[in-house]
Amino acid sequence: MERTEKQRGFDLHTHSVFSDGTTRPSEIAADVAALGLSGFALTDHDTIDGWEEAREAAAMHGIDFLPGIEITTKFAGRSPHLLGYGISPDDEELFDALAVVRRARLTRASKMVDLIKKDFAITWEDVLGSEDARTVGRPHIADALVRAGYFIDRSAVFAELLYPGSPYYIGTLAMDTAEAIRLVREAGGVPVIAHPAANRQSEAIPLADLEALAAAGLWGIELDHPENRAEWIPELRTGSADIGLIPTGSSDFHGAGKPNRLGDFTTPETTVAAIRKMTATPR
């Protein structure tokens, strides 16, 4: 059967057990191949520890692998997420900054668990769970609460217990978005703003902010994403095109951690080829 255009594309936003996903990189590669996609990017939070497994599995299944990462940032009172594709794994400045963020996340998660365990019978050991996880945060706390039987799924925990403003919530350290863009660029990577119209936001990222970030080196914008609000996308699509940002699409797959299905949204091969020409890392 001839592949459809969707099937020929890439899913450029996936997470594994090395951050807050529930599947191994090798399992993601196998599923991507079974779907008939051309390839995928692994974009775990603040870590690239899953790259080697993902790359080997992609080669075994005859698909392409684009190395990536996702960084939580802050800009103009918001917390945009930044995807970085093809960064050099040897860039000290970027990875030193990410190590600071990971340590802050760990401290924050531990303090949140101290608050939560006063009312729910979970421990820090319950939260740590997988020994593979390099970035520990709210999703791991949520999963521990689900395993303990307090909530039906991760989404319910976020909605009812771990939302900003909750008595159990503690803010976290985040890099400035423009600074993160600079670090990704200097590491030989391509920066793309993730889910700019996510339904958990009160509004889409304003075009003025996107214009400022484009001036700082932002290359692309993740317009096709299952959590983007459809009514916000037309203005973003037109405005970001005027700014010169390149649209991408992906699922933001987390395995059982989210309902998002692998390959629900994809990026064309031509866009991935353009990213490849600018990146520092091999296939």
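Student: Which helices do the buried residues of H6 pack against?

Tutor: This is a predicted model, in which local features need pLDDT of at least 70, side-chain atom pairs count only at pLDDT 80 or more, and totals for chains, interfaces and linings use all residues. Residues are numbered from 1 along each chain as its sequence is written, and side-chain values use heavy atoms, with hydrogens and water left out. Helices (H or I, at least four residues) and strands (E, at least two) are DSSP runs, numbered from the N terminus, and contact means heavy atoms within 4.5 Å. The buried residues of H6 pack against helix H4 (92-116), helix H5 (124-128) and helix H7 (154-160).

Student: Why is helix H6 described as largely enclosed by the rest of the structure?

Tutor: A residue is buried when its relative accessible area is under 20%, exposed when over 50%, and partly exposed in between (1.4 Å probe, protein chains only). The buried residues of H6 include Arg138, His140, Ile141 and Leu145. Helix H6 (residues 138-147) is largely enclosed because the number of its ten residues that are buried is eight.

Student: Which residues lie nearest the centre of the largest pocket?

Tutor: A pocket is an open set of points on a 1 Å grid over the protein atoms alone, where a 1.4 Å probe fits, with protein on both sides within 12 Å along at least five of seven lines, and lining residues have an atom within 4 Å of a point. The lining of the largest pocket comprises 45 residues, and those nearest its centre are Ser79, His81, Arg138, Phe158 and Arg200.

Student: Which residues have side chains joined to that of histidine 13 by a polar contact?

Tutor: Histidine 13 is found in strand E1 (residues 10-14) and is buried, with a relative accessible area of 0%. A polar contact is a pair of N or O atoms within 3.5 Å; within protein, one must be able to donate a hydrogen and the other to accept it, and residues adjacent in sequence count only if both atoms are side-chain atoms. Such a contact joins the side chain of histidine 13 at 3.1 Å to histidine 15, and another joins it at 2.9 Å to glutamate 70.
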